[in-house]
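Here is my note on the model you sent. Please read it with the structure open beside you.

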Amino acid sequence: MNTTVHHQLIHWDMATSRAKDKNLLNEEPLSIRVEGNPYSVMMRTPGDEIALAAGFCLTEGIVDTPEDYTSIAFCDGEDTNVIAVTLTPSRRQKVPDIIDRRGFISQSSCGLCGKEIVKDLFQLIKPLEDDIRIDANKALSCLDTITQHQPLRSQTRAAHAAVLYTSEFDFLAAAEDVGRHNALDKVIGKVFLDRKLEQATMLTLSSRISYELVQKSARARIPIILAISRPTVLAVKLASELNITLASLADGPGLYVFCGAQRLVMSTN
């Protein structure tokens, strides 16, 4: 699997719009099986899967030393997204509560891949309506000023932010958290509890856009996502399927629009 993938986008530099190719970070699920049973699924950039699984098992307390493994290997070849971990009999006896834990997302199939995730989510979440048009200049201005909603970042340089706006760019709510997923859940929760979620049209993020953030936005029926950093490959695939607009800051002026460009009215001088 590749760590990056070429993707064609629209570069709006505030003067013109033109097609451009950029590399996106690849994102695929990795299922870790311990003693033949699904233990956890995580999203990762392909590469160093054995090391990732080994480090995960150490930090989870499944192993203490490399000698605790009998084997740690790909399931059915390196092109799969499954790592199988087996422990020595003595180690199994020491950590039964850990390896029998059921609090993690698990997969029973060895055919785990990004396409299956997109397909499954597409079946669970209805694509968004295409009835919104907003001014790209005003949208970019909201993204440019996201730091105004990041008091924790100004103090710590360690917090992510998520901000929600209406279609008229009226501010709805902002939230910060050490985790970008948590920041998004918080801001959606604020607007949801205020019974204003149906007004939420545009989300700005201080982070990159992963598929989980697209999934959360789709559940909240937010049609437009702008972020400081670019989306992953899987995020673009899911957003395209669910009819969500994704854009990020360009290397120079303007935005890179990865999908759903019809919602952004990109005026030119």
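The points below go from the whole chain to its sheets, helices and cores.

1. **Ground rules.** This is a predicted model, where local features need pLDDT of at least 70, side-chain atom pairs count only at pLDDT 80 or more, and totals for chains, interfaces and linings use all residues. Residues are numbered from 1 along each chain as its sequence is written, and side-chain values use heavy atoms, with hydrogens and water left out.

2. **The whole chain.** The protein chain has nine helices and 14 strands. Helices (H or I, at least four residues) and strands (E, at least two) are DSSP runs, numbered from the N terminus. The C-alpha atoms fill a box of roughly 70 × 40 × 35 Å, taken along the principal axes. Of the 269 residues, 48% count as buried. Buried means under 20% relative accessible area, exposed over 50%, and partly exposed in between (1.4 Å probe, protein chains only). Now take the contacts with a separation of 6 or more: residues 24 or more positions apart account for 54% of them. A contact means heavy atoms within 4.5 Å.

3. **The eight-stranded sheet.** Eight strands form an open sheet in the order β2-β1-β13-β12-β11-β10-β8-β9, and the pairing is mixed. Two strands pair if DSSP finds at least two bridges between them. β2 (17-25) and β9 (171-177) are at the edges with a single partner strand each, so one side of each has no neighbour in the sheet. On average, neighbouring strands here are turned by 25 degrees against each other, direction ignored. For angles in general, axes are lines fitted to C-alpha atoms, for helices over the stretch in contact, and the angles run from 0 to 180 degrees between N-to-C directions.

4. Follow β10 (residues 202-205). It pairs with β11 in the parallel sense over four bridges. There, T204 has L226 in β11 as its bridge partner. With β8 (residues 160-165), β10 pairs in the antiparallel sense, again over four bridges. There, Y165 has M202 in β10 as its bridge partner.

5. **Helices on the sheet.** α5 packs on the sheet and touches β1 (4-12), β8, β10, β11, β12 (245-249) and β13 (255-259). Its direction makes about 40 degrees with that of β10. α8 also packs on the sheet, touching β10, β11 and β12. The direction of α8 makes about 145 degrees with that of β11.

6. **A covered strand.** Are the residues of β11 (residues 224-227) buried or exposed? I224 and L226 on one side and I225 and A227 on the other are all buried. In a regular strand the side chains alternate between the two faces of the sheet.

7. **The four-stranded sheet.** A second open sheet has the order β4-β3-β6-β5, with mixed pairing. Its edge strands are β4 (37-44) and β5 (69-74), each pairing on one side only. Neighbouring strands are turned by 15 degrees on average, direction ignored. β3 (residues 28-34) and β6 (residues 82-87) run parallel and are joined by four bridges. S31 has V82 in β6 as its bridge partner.

8. **Two helix contacts.** α7 (residues 180-193) and α8 (residues 211-219) pack at about 10 degrees, with axes 10 Å apart. That makes α7 roughly parallel to α8. Angles under 35 degrees count as roughly parallel, over 145 as roughly antiparallel, 65 to 115 as roughly perpendicular and the rest as oblique. The contact residues divide into three nonpolar, two polar and four charged. Here Ala, Val, Leu, Ile, Met, Phe, Trp, Tyr, Cys and Pro count as nonpolar, Asp, Glu, Lys and Arg as charged, and the others, Gly among them, as polar. α8 and α9 pack at about 25 degrees, with axes 8 Å apart. α8 is therefore roughly parallel to α9. Y211, V214, Q215 and A218 in α8 meet L234, A235, L238, A239 and L242 in α9. That contact has eight nonpolar residues, one polar and no charged.

9. **The cores.** The largest nonpolar core has 43 residues, and V214, I244 and L246 have the most contacts inside it. A nonpolar core is a set of buried Ala, Val, Leu, Ile, Met, Phe, Trp, Tyr and Cys residues joined through side-chain atoms within 4.5 Å. Helix α9 (residues 233-242) gives the most to this core, with seven residues. Apart from it lies another core of 23 residues, including I134, L143, Y165 and A247.
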